[in-house]
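Please look over the structure shown here and read the notes that follow beside it.

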Amino acid sequence: MARWGMVIDLNRCTACQGCVTACHEENNVPPSNPKLGAQSRSIRWINMMPVYEDEYPHTKMSVLPVMCQQCEHPPCIKVCPVGATFFSESEGIVGQVYSRCIGCRYCTNACPYTVRQFNWFPPDVPETYEQGINPDVSVRYKGVVEKCTFCNHRLMKARDAAAFEGRDLRPGEYVPACVETCPTDAMVFGDLADPDSEVSKLSRSSRASRLLEDLGTEPKVYYLRVGSGK
Amino acid sequence: MSHSHNRRMPKPTDPLGPDWALVRPTVESDSRFWIVVACLLAGVSLGVSAYVYQVRTGLGVTGMNRPVYWGMYIINFVFFIGISHAGTLISAILRLAGAEWRRAITRSAEVITVMVIVFGVGNVIFDLGRPDRLLYVLKHGRLQSPLLWDVCSISVYLCCSTIYLYLPLIPDIAILRDQTNKRKWLYRMLALGWQGTERQYERLEKAMGFMMVLVIPVAVSVHTVVSFVFAMTVQPMWHAAIFGPYFVVGAIFSGIAALIIAMAIIRWAYHLEGYLKNIHFDYLGQLLLVMTLLWFYFTFSEYLTTWYGGEPVQLTVWWAKINGEYSGYFWTMVVCCFIVPMAILSRSKTRTVAGTVVVSIFITIGMWLERFIIVIPTIANPRLPIDRGLYHPTWVEWSMLVGCFSFFILLYVLFTRFFPIVSIWEIQEGRMNAKQDMLDRIDAYKVESPEPEADSGALAAALPAGGGGRQ
């Protein structure tokens with residue numbers, strides 16, 4: 001019973017948005033355009049969230065990459081009327097079935113992290129992108145909700161490869177595209193249920209915290225605050 | 001109900017006399033009717049074309065965005081379901097309480113309920129990104145989602161209120177069958193062989209009695225469950241236990257307002273001043289005054305609690321309503337739902353037909369704004385500072401609202417052309433029996449005076465000379 005999770009070290013993150021770009025490429029998320037941006041309808045699975053601390057002139061700013069927090073108790077799943085969003089008990093990943101979603105957007109409103117996205121229009125994929133579409137991920141159509149899935153198609157692939165060789169999945173064989181891309185290794189991914197994994201050790205660091213912890217959603221994305229300490 | 005005196009019940013063949021005025025709209029129509037129908041059809045086609053455009057292009061043609069994922073359709077859903085509480089609930093309560101003045105108004109209230117529910121449900125369908133998958137809600141429905149509670153509760157309500165509209169309609173349909181020449185086949189079929197026998201009345205009263213008791217908890221559940229769609233999430237100013245009763249009160253409030261407007265139009269269009277009298281508007285106005293105060297009480301409790309607690313995420317939404325982007329909507333709502341109704345309804349001099357209609361129009365607008373103020377500011381100000389949204393409906397959404405209103409009024413007008421909008425047999429029954437029923441009732445709870453001849457000796461001894469009492 002794996003508990004896939006992520007730790008993002010804000011000491012290392014330069015807010016370069018490489019993760020965002022990698023995510024768009026990997027998951028066939030169409031690029032935004034000025035019109036969609038002005039309408040506040042761009043689809044982004046990872047959002048760069050600015051956080052300000054203290055008053056001027058002592059202001060400290062950090063930027064957090066925020067994706068689906070992969071809650072252990074997801075508020076979005078409770079409210080879905082048709083089971084289009086589901087929780088994988090064996091992996092701890094919150095998935096989304098585009099062919100089941102009726103587009104009521106109850107989940108997008110119930111999510112306290114506002115990380116769920118809706119397809120207001122049919123996807124506008126530029127011609128130059130069409131060659132680069134990832135065949136492992138379905139292209140979404142208008143009227144359904146989507147969100148970060150921790151690249152679970154990569155998990156399926158890695159697990160199949162391991163099964164073919166008749167062995168267990170090895171650490172590092174399954175990582176999402178954002179983690180793979182991060183140039184400063186600020187993002188660490190792995191099994192939180194394994195106490196010896198790097199991600200599990202980092203999640204117990206004194207700098208670690210999760211977003212909106214008091215809501216009891218138990219996210220599996222940890223942030224290591226800026227500062228000294230392990 | 002038990003009746004001591006000999007009651008006579010109206011038969012479908014009884015001569016109608018002046019009550020023919022109630023049948024007249026079903027047999028005669030004038031050019032005015034066709035003009036109204038044409039205007040309403042234009043409104044409907046505007047809505048239909050807007051919807052076709054939306055389905056083809058995507059929900060992006062609305063003003064919704066990220067994070068304001070719900071907009072006018074969900075507002076209309078709550079609003080129309082609220083209006084639907086006019087009917088059945090009010091008519092059931094008045095019937096149950098044996099309020100004699102109900103006889104002329106129950107039918108027009110019940111019709112509002114049945115017709116308007118359809119548009120409440122319709123707005124949820126307009127809101128779906130994939131309306132073609134609507135039936136997934138039945139096929140793959142998960143009962144843990146509050147939306148499924150809505151589906152269950154609203155479909156039961158629609159069934160119950162349709163039956164509750166139909167049952168008291170049967171004797172009237174029989175009148176149309178026996179005394180008019182139009183659409184005979186339809187009335188023959190719907191009258192179910194009604195002859196007005198004692199046995200038939202006994203069964204009808206039993207069935208109506210059962211339905212009016214059943215429909216009250218169902219109606220309360222409907223708007224409670226509608227509020228649960230919001231209250232079950234953890235979002236600021238949605239996640240509140242007050243929402244259930246607050247929504248029910250708001251629903252009855254807007255329902256009575258809609259009923260008053262409908263009654264005034266019926267009275268004017270069909271010249272029914274002798275049936276829908278000034279006193280009906282006065283009584284409904286008093287009921288509306290009570291609901292105004294209740295609405296204020298709930299609103300005040302909600303806003304004071306949120307402000308006093310002072311949680312930052314709650315306060316962000318609170319200030320957006322009171323003094324922020326949505327303050328125009330908020331204060332207009334307060335004027336429409338409280339200040340104007342209080343000013344006009346609290347004085348009997350202004351509680352006239354015109355006065356109550358003006359107030360009702362204000363309340364209808366105010367309650368629509370209340371739904372806006374409940375839905376939008378919360379989702380426009382989410383907890384995390386990733387997105388902040390503003391919401392302005394587009395022409396597509398306004399057209400759909402016009403379409404819904406037009407279609408609703410059209411169905412209502414058509415109903416009045418097929419069936420009497422004031423219950424004929426209940427009016428006749430009232431004329432035959434109400435006075436005696438009232439006297440019987442007064443007799444039943446009258447305190448008997450001691451009978452002097454029973455023990456006159458002892459009584460005389462106990463009393464001082466001169467018979468006692470004040471002189």
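The model is a predicted one, and in it the phi of Asn28(A) is near 55 degrees, a positive value in a residue other than glycine. Asn28(A) sits in the loop between helix H1 (18-26) and helix H2 (34-38) of chain A. Most residues other than glycine have a negative phi, and most peptide bonds are trans.

Thr114(A), which is not a glycine either, also has a positive phi, of about 45 degrees, and its place is the loop that runs between helix H4 (106-110) and strand S6 (117-118) of chain A. Because 23 C-beta neighbours lie inside 10 Å of Thr114(A), that residue counts as buried. Another feature of the backbone is the peptide bond from Tyr56(A) to Pro57(A), which is cis, with omega near 5 degrees; Pro57(A) belongs to the loop between strand S2 (47-53) and strand S3 (60-66) of chain A.

## A four-stranded sheet in chain A

In chain A, 4 strands form an open sheet in the order S8-S1-S10-S9, and the pairing within it is mixed. S8 and strand S9 (208-209) of chain A stand at the edges, each with a single partner strand, so one side of each has no neighbour in the sheet. Strands of a sheet pair through backbone hydrogen bonds, either parallel or antiparallel.

Strand S1 (residues 4-9) of chain A runs antiparallel to strand S8 (residues 187-191) of chain A and is joined to it by 5 bridges, whereas S1(A) pairs with strand S10 (residues 221-224) of chain A in the parallel sense over 4 bridges. On the S8(A) side, Ile8(A) has Met187(A) as its bridge partner and Val7(A) has Val188(A), while Met6(A) stands opposite Val221(A) in S10(A).

Because 6 of the 6 residues of S1(A) are buried, this strand is largely enclosed by the rest of the structure. In a regular strand the side chains alternate between the two faces of the sheet. In S1(A), Trp4(A), Met6(A) and Ile8(A) point one way, Gly5(A), Val7(A) and Asp9(A) point the other way, and all of them are buried.

## Chain B as a whole

Chain B has 18 helices and 0 strands, and its C-alpha atoms fill a box of roughly 90 × 65 × 45 Å along the principal axes. Of its 471 residues, 44% count as buried. Among the contacts in chain B between residues at least 6 apart in sequence, 83% join residues at least 24 apart.

Chain B also has a cis peptide bond, between Arg66(B) and Pro67(B), with omega about 10 degrees. Pro67(B) is in the loop between H2 and helix H3 (72-83) of chain B.

## Helices packed within chain B

Helix H2 (residues 31-57) of chain B packs with helix H16 (residues 395-418) of chain B at an angle of about 140 degrees, their axes being 7 Å apart, and the two helices are therefore oblique to each other. The crossing of H2(B) and H16(B) is left-handed, and the residues of their contact comprise 18 nonpolar, 6 polar and no charged.

The axes of helix H4 (residues 87-96) of chain B and helix H5 (residues 106-127) of chain B come within 7 Å and cross at roughly 150 degrees. Their contact includes Ile90(B) and Leu94(B) of H4(B), along with Ala109(B) and Val111(B) of H5(B), and by class it has 5 nonpolar, 5 polar and 2 charged residues.

Helix H8 (residues 170-179) of chain B is mostly covered, with 8 of its 10 residues buried, among them Ile170(B), Asp172(B) and Arg177(B). The buried residues of H8(B) pack against helix H1 (20-27), helix H9 (184-191), helix H10 (198-231) and helix H17 (424-445) of chain B.

## Where the two chains meet

The contact between chain B and chain A takes 36 residues from chain B and 38 residues from chain A. On the side of chain B that touches chain A, the elements giving two or more residues are helix H6 (136-139) and helix H7 (146-166) of chain B, and the largest share, 3 residues, comes from H7(B). By class, this side of chain B has 18 nonpolar, 11 polar and 7 charged residues.

Definitions and conventions:
Residues are numbered from 1 along each chain as its sequence is written. Chains are lettered from A and ligands numbered from 1 in the order in which they are written. This is a predicted model: local features need pLDDT of at least 70, side-chain atom pairs count only at pLDDT 80 or more; totals for chains, interfaces and linings use all residues. Axes are lines fitted to C-alpha atoms, for helices over the stretch in contact, and angles run from 0 to 180 degrees between N-to-C directions. Angles under 35 degrees count as roughly parallel, over 145 as roughly antiparallel, 65 to 115 as roughly perpendicular and the rest as oblique. A crossing is left-handed if the near helix is turned anticlockwise from the far one by less than a right angle, and right-handed if clockwise. Ala, Val, Leu, Ile, Met, Phe, Trp, Tyr, Cys and Pro count as nonpolar, Asp, Glu, Lys and Arg as charged, and the others, Gly among them, as polar. Two residues are in contact if their C-beta atoms, placed from the backbone, lie within 7 Å. A residue is buried if 20 or more other C-beta atoms lie within 10 Å of its own, exposed if 12 or fewer, and partly exposed in between; C-beta atoms are placed from the backbone. Two strands pair if DSSP finds at least two bridges between them.
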